[in-house]
Amino acid sequence: MSGVLDFFTNTLGGLWSDSGLNALFSAGGYKNLIMILVSFVFMYLAIAKGFEPLLLLPISFGMLLTNLPMAGLYHPELWVLVDGHVNYGEVLKEGGLLDILYLGVKLQLYPPIIFLGIGCMTDFSPLIANPKSFLLGAAAQGGIFFTFVVAGLLGFTAAEAGSIAIIGGADGPTAIYVSTRLLTGGGAITTGNIALAAYTYMALVPIIQPPIMRFMTTKKERTVKMEQLRTVSKTERIVFPIAVTIIVSLLVPSAAPLVGMLMFGNLLKESGVAARLIDTAQNALMNIITIFLGISVGATTKADQIINLKFGGVMLLGVIAFSLGTACGLVFGKIMYRVTKGKVNPLIGSAGVSAVPMAARIAQKVGAEADPTNFLLMHAMGPNVAGVIGSAVAAGVLLSVIG
């Protein structure tokens, strides 16, 4: 009888010692528990509040999965560079499900494919009709470069500073693309840190931007009504993506993967002869890649790499970068207001960040508060889509400078 009891005792003891519950409540397991609770918070924000649900929900569930002890879905040690390279053979042999999905992030496949889908859904007509919008989109990237310098002065490495700074572009796929290229995987800051900060602030655009816009502009400036945009011809819409691809790729080759796929998607849209390809790119393909990107990026948010002071620095500098990007766009908008003698509403400069179309809608909302008859949405869309190009170019510049 005692032998049977010993067998069951040893079996149950073995099951307990090998269980995730034992690891979760052992020394250090509290960090995993905290991250699981954090994942619940992000799920709530995605589901109940509608904050960037298409990516925040997969990221939060990936965060849950990766912090379940003993699950073996993601292994950060496999992604540490050895002699400057990842051992992809070891990843395929020893990696879990999320390691395999993360290959698409590490090999820089997912972000450009998402840009393809974005290109299929983007109308560049407001930008073509008002080329001055390019200047506003470029100005809004000032927050990226200012934050890069500040992060460097605070002791972050060049790769970390560049990854943090790109959050100011308010473009999640671009932030993931840059951080994947720059970060080695062995430090306290990971692609998951950067993605979490980037999508948090993208979701908070309606909260962060309006106070800055009201503070930096007068009521007189906010009530400026702009002239109706001219009609853009089909020829212009077809030539535009081709020209932008050539110009940007020649000037900043590192930006070619993002800008090239963005413009290819837009060319498919404007050509009028590729309906099936457009449907696939902006629906099925983009949805699949969004799921894979979100859940695999969420997997990189391991407890030890999130619960530290450096991640606090990422969050702080991220909001600074985004706020400064908004402010830079507004400053240039005010300059254009003065140069044109009151014909440009400075609010559209805030839309120069890459949060499409949310930033343009915020410009419309704040403008309508000052004058309900003022319609700025289409004017704000010009800087907004210019910001998509601008953030990709800024990413290319950072990659070229940092290497």
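View 1. Y74 is buried, with a relative accessible area of 8%, where buried means under 20% relative accessible area with a 1.4 Å probe and protein chains only. The model is a predicted one, in which local features need pLDDT of at least 70, side-chain atom pairs count only at pLDDT 80 or more, and totals for chains, interfaces and linings use all residues. Residues are numbered from 1 along each chain as its sequence is written, and side-chain values use heavy atoms, with hydrogens and water left out. Among the 6 aromatic pairs of the structure, Y74 and Y102 form one that is edge-to-face, at 5.9 Å centre to centre and 85° between the planes (ring centres of Phe, Tyr and Trp, the last by its six-membered ring, within 6.5 Å; planes under 30 degrees apart stacked, over 60 edge-to-face, the rest tilted). Because Y74 lies in the loop between α4 and α5 (88-94) and Y102 in helix α6 (residues 97-106), the pair ties together parts that are 28 residues apart in sequence; helices are DSSP runs of H or I with at least four residues, numbered from the N terminus.

**View 2. W79 against Y102.** Y102 is buried, with a relative accessible area of 4%. W79 and Y102 also form an edge-to-face pair, at 4.9 Å centre to centre and 85° between the planes. W79 lies in the loop between α4 and α5 and Y102 in helix α6, so this pair ties together parts that are 23 residues apart in sequence. W79 counts as buried too, at 3% relative accessibility.

**View 3. The aromatic cluster.** Y74, W79, Y88 and Y102 form one aromatic cluster.

Key:
Helices (H or I, at least four residues) and strands (E, at least two) are DSSP runs, numbered from the N terminus. Buried means under 20% relative accessible area, exposed over 50%, partly exposed in between (1.4 Å probe, protein chains only).
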